[in-house]
Amino acid sequence: MDSNLYIYNTLSRTKEKFEPLHPPLVGLYVCGPTVYSDVHLGNCRTFVMFDLIYRYLLHLGYKVRYVRNITDAGHLEGDMDEGDDKFAKKARLEQLEPMEIVQKYTLGFHDVMRLFNALPPGIEPTATGHIIEQIEMVKQILKNGYAYEVNGTVYFDVEKYCKEFNYTILTNRQLDDLLENTRELGGQNEKRGRLDFALWIKAKPEHIMQWPSPWGNGFPGWHIECSAMSSKYLGNSFDIHGGGMDLAATHHTNEIAQSQACNHVQPAKYWMHTNMLTVNGTRMSKSKGNGFLPHELFTGSHELLSRGYSPMSVRFFMLQAHYRSTLDFSNEALEASDKGFKRLINAYALLDKLNPSPKSNIDLKGLTERCYAAMNDDFNSPVLIAELFEAVHIINSVYDGKTEATATDIEALKKLMDDFVIGVLGLKEESNQSDDMGKLLDFIINLRSEAKVNKDYATSDKIRIGLNSIGIQLKDNKEGTTWNKI
RNA sequence: GGUCGGGUGGCCGAGUGGCUAGGCAGAGGUCUGCAAAACCUUUUACAGCGGUUCGAACCCGCUCCUGACCUCCA
């Protein structure tokens, strides 16, 4: 299959035409969360953006195998290649078992992703579920001569690797600079080179998260899980590997090295990196403590927010910026997105109420082509949204009787909005109204209409203002009265 | 210090060597019992200084400011 999709590849730092290794199959691997704490909004942005990418690939007709891991072991606290991992530390803090921590935050993560209307990945493997695969990979890397064992811990030999491969291929850094600027770190005395990183880590006896291995009891290093799981489910070479930009310099660099050292191939053809969400121009991160939790956002219980914003408004806010740009988070920006989203989704709801004309004076073909052109240009969702507002304008105009559209064009408009607003952008109407609520509102609107006919405006205003105060907005027009949630 | 990005109107954010981004906010109007919505019209831009060019916000140089990564983080 042929498409005109271009993807910015971090490896080449250019947009490249997307040509899957085995069309129509596409293998997509995205580094998922480390589930030792609540995901914050910055984490969510990455997963929402890859949801957009996943959805568009599906829309183009590719058969996508989407793998996103859950890191539930092996992620070390601080920069030491020894000691406790994050789960053990958090477990002590919360007085839980490490696996209780994992379960708690995995469930929380899934809840949030569901609220954001993100499609679940096809496979969501965990590090603890793939210890054997990771041990096998470490064994192979040792066998190939790119690792060494010291006292129960196995290190990757970066210096040896550098002689044959380009270690800094993703970030283009100079190796000498890296060596000069890497600090003296813990575990240094065991490591031969200061850039070497742990593939397998010896566990302290009291450490509950440990498994037997040829090198004694221990647990896997952080980077090996993604290499092991991506090759298990997608093969040694697959199409797209993604993650946040912050992972490129270390995690992804080491992933490439591990896969090359083990399988002698580049793991991914295209590397995609999403940019950071910022607050007042500074990156939102766990360690900085400036992270917004999704529920603070939805309820408005955060000092920087004047009110709560719905998950769909927040998703729309994220989609209005390109995935490779930083996006600055503020109450004002969110407020603007909230209104923009409602304008878009209200127009979508109007599609069923359009009256066809014998003639048409709109150009849907050009508009549709521009929508595809936007997405084909490295998933440019902000431009897509700008085009979709053109469709919003047409829909409103037809509804007002100021523009004419044939039944065929109305169908095409409906398909366009279904494809892109619902399918690709993954937005949906948030009204949680049941049929009962719809019927109830129809009844109330009828009562109000009767009052209006009788010029009993006191009653009709009372109804309108009362509904408004509980979040339901009435809109009077020639055809009658429509309503939507505020 | 090294690597790589940014600086666009009141806000958020696209884009580009010549043609309106878009949303929000502001102003005026139409419609309407009022309101809201919608529709029409409209005001604010491309950090600074040089250079290349018929033409630059877009290319080049310098300056200033700023961010990310280089250490756990999507």
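Predicted model: local features only at pLDDT ≥ 70, side-chain atom pairs only at ≥ 80, totals over all residues.
## Aromatic pairs and a cluster

Across the whole structure, a search returns 21 aromatic pairs. One of them joins Tyr161 to Tyr167 in an edge-to-face arrangement, with the ring centres 6.3 Å apart and 80 degrees between the planes. In general, a pair of this kind is described by the distance of the centres and the angle of the planes.

Tyr161 and Tyr167 also belong to one aromatic cluster, whose other members are Tyr146, Phe156, Phe165 and Phe197. Of these, Phe156 lies in strand 6 and is buried.

On one side of the pairing, strand 5 (residues 147–150) runs antiparallel to strand 6 and is joined to it by four bridges, with Tyr148 having Tyr155 as its bridge partner. These two strands form a hairpin with two residues between them, and Asn151 in the turn has a positive phi of about 55 degrees. Strand 6 also pairs with strand 7 (residues 197–202), again in an antiparallel manner but through three bridges, and here Tyr155 stands opposite Ala198.

## Arginines over tyrosine rings

Tyr148, the bridge partner of Tyr155, has the charged end of Arg192 over its ring, at 4.0 Å from the ring centre. A further arrangement of this kind involves Arg324, which lies over the face of Tyr8 at 3.9 Å from the ring centre.

## Cysteines

How many disulfides does a search of the whole structure find? The search finds zero. Cys162 is in no disulfide, and the nearest cysteine sulfur to its own, that of Cys262, is 18 Å away. Cys226 is likewise in no disulfide, although the sulfur of Cys31, the nearest cysteine sulfur, is 3.8 Å away. The cut-off matters for this second case, because a disulfide requires the two sulfur atoms to be within 2.5 Å. Cys226 is also buried, with a relative accessible area of 1%. A disulfide, where present, is a covalent bond between the sulfur atoms of two cysteines.

Terms used. Residues numbered from 1 in each chain as written. Chains lettered and ligands numbered in written order. Heavy atoms only, no water. Buried < 20%, exposed > 50% of the residue type's maximum accessible area, 1.4 Å probe, protein only. Phe/Tyr/Trp six-rings, centres within 6.5 Å; stacked < 30°, edge-to-face > 60°. Lys NZ or Arg CZ within 6 Å of the ring centre and 35° of its normal. Pairing = 2+ DSSP bridges.
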